[in-house]
Amino acid sequence: MTLLVTFSCIFYDLELQLGMTLTDYRKQAGLTLQQVAERMGVSHVAVVKMEKAGNPKLSTLRRYADAVGVAPEELVKNLTNSII
């Protein structure tokens, strides 16, 4: 496997993990996609994309954390990479 392919796999895996983490926190907060979107000031489609292995900017991730009532660090603290 080339280095580029390896890095691509690593980042894809992390994006999937982040998406699942975002979904988990939203559901724990008892919020719908639409409610999170309204709190963030974005469309629900944007929230869906974030939760489906999106690659949000740090500022967007902070707004998501605020919308679901957690610290931004909580969203990323348990990300691991099983590929490495």
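Leaving out neighbours within four places in sequence, Glu 51 is in contact with Gly 19, Met 20, Leu 22, Thr 23, Arg 26, Leu 33 and Tyr 64, where contact means heavy atoms within 4.5 Å. The model is predicted, so local features need pLDDT of at least 70 and side-chain atom pairs count only at pLDDT 80 or more, whereas totals for chains, interfaces and linings use all residues. Residues are numbered from 1 along each chain as its sequence is written, and side-chain values use heavy atoms, with hydrogens and water left out.

Glu 51 belongs to helix H3, residues 44–51, helices being DSSP runs (H or I) of at least four residues, numbered from the N terminus. With a relative accessible area of 9%, Glu 51 is buried (under 20% is buried, over 50% exposed and in between partly exposed, with a 1.4 Å probe and protein chains only). The table gives two polar contacts of its side chain, a polar contact being a pair of N or O atoms within 3.5 Å, of which, within protein, one must be able to donate a hydrogen and the other to accept it, while residues adjacent in sequence count only if both atoms are side-chain atoms.

| Side chains | Polar contact |
|---|---|
| Glu 51 and Thr 23 | 3.0 Å |
| Glu 51 and Tyr 64 | 2.6 Å |

Asp 24, by comparison, is found in helix H1, residues 3–28, and is partly exposed, with a relative accessible area of 43%. Asp 24 and Leu 75 are 51 residues apart in sequence, and their C-alpha atoms are 9.7 Å apart in space.

How values were computed: Helices (H or I, at least four residues) and strands (E, at least two) are DSSP runs, numbered from the N terminus.
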